[in-house]
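Here are my notes on this model, point by point. Please read them with the coordinates open.

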Amino acid sequence: MIGLRRVHHVAIICSDYARSKQFYTQVLGLRVLAEAYREARDSWKLDLALPDGTQLELFSFPSPPPRPSYPEACGLRHLAFEVDDVAAAAQALQGQGIAVEPLRIDEYTGRRFTFFADPDGLPIELYEASMSPGI
């Protein structure tokens with residue numbers, strides 16, 4: 001056994017750094033840990049944190065290829081965040097002009113979840129920590 005403990009970070013390559021930085025910091029509310037421009041790569045790197053310490057790295061590179069999706073390609077399927085109330089979180093996103101799919105119930109856990117997309121179409125899931133009354 002190699003002793004994995006938790007996910008340390010997830011890395012995302014974006015097509016428009018300023019737009020994605022605004023989305024992840026202002027819309028999703030992630031805290032900035034560090035930001036650096038790497039001249040040799042013509043690339044920005046933004047380190048972001050969730051309250052539990054999990055990190056998200058946001059990269060920009062010149063002319064990255066689009067993410068294949070619909071039908072889904074092999075590889076990372078989506079990024080999922082746990083929230084206390086998925087309906088309230090979805091409503092907050094919709095209030096900021098973010099399209100959110102209808103709420104669904106996980107048939108195995110009974111918990112509510114939904115999906116939306118980041119500025120580059122990366123699927124993001126909101127998954128409820130525990131059941132709330134009503135849908």
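How many bridges join strand β7 to strand β8, and do they run parallel or antiparallel?

1. Pairing of β7 and β8. Strand β7 (residues 112–117) and strand β8 (residues 123–128) are antiparallel, joined by five bridges. Ala117 has Pro123 of β8 as its bridge partner. Strands count as paired if DSSP finds at least two bridges between them.

2. Basis of the notes. This is a predicted model; local features need pLDDT of at least 70, side-chain atom pairs count only at pLDDT 80 or more, and totals for chains, interfaces and linings use all residues. Residues are numbered from 1 along each chain as its sequence is written, and side-chain values use heavy atoms, with hydrogens and water left out.

3. Overall layout. The protein has two helices and eight strands. Their order from the N terminus is β-α-β-β-β-β-α-β-β-β. Helices (H or I, at least four residues) and strands (E, at least two) are DSSP runs, numbered from the N terminus. The C-alpha trace spans about 50 × 45 × 30 Å along its principal axes.

4. The four-stranded sheet. β7 and β8 belong to an open sheet of four strands, ordered β5-β8-β7-β6, with mixed pairing. Its edge strands are β5 (79–83) and β6 (104–105), each pairing on one side only.

5. Strand β4. Of the six residues of β4 (residues 55–60), five are buried. Buried means under 20% relative accessible area, exposed over 50%, and partly exposed in between (1.4 Å probe, protein chains only). Strand β1 (residues 9–14) pairs with β4 in the parallel sense over six bridges. There, Ala11 stands opposite Glu57. Strand β3 (residues 43–49) is antiparallel to β4, with five bridges. Leu48 has Leu56 of β4 as its bridge partner.

6. The β3–β4 turn. These two strands form a hairpin with five residues between them. Check Gly53 in the turn: its phi is positive, about 100 degrees.

7. Helix α2. Which residues of α2 (residues 86–95) are buried? They are Val86, Ala89, Ala90 and Leu93. These residues lie on the same side of α2, because they cover an arc of only 100 degrees around the axis. The arc is taken from the directions from the helix axis to the C-beta atoms. An α-helix has 3.6 residues a turn, so residues three or four places apart point the same way. Gln91 and Gly95, on the other side of α2, are exposed. The buried residues of α2 pack against α1, β5, β7 and β8.

8. Ser20 lies in α1 (residues 17–27). Ser20 counts as buried because its relative accessibility is 0%. Beyond neighbours within four places in sequence, Ser20 is in contact (heavy atoms within 4.5 Å) with Cys14, Leu58, Pro119 and Asp120. Val27 is also found in α1. Val27 is buried, with a relative accessible area of 14%. Not counting residues up to four places away in sequence, Val27 touches Gln22, Leu93, Gln96 and Ile98. Val27 and Ala73 are 46 residues apart in sequence and 27 Å apart in space, C-alpha to C-alpha.

9. Totals. Of the 135 residues, 35% count as buried. Among contacts with a separation of 6 or more, 48% come from residues 24 or more positions apart.
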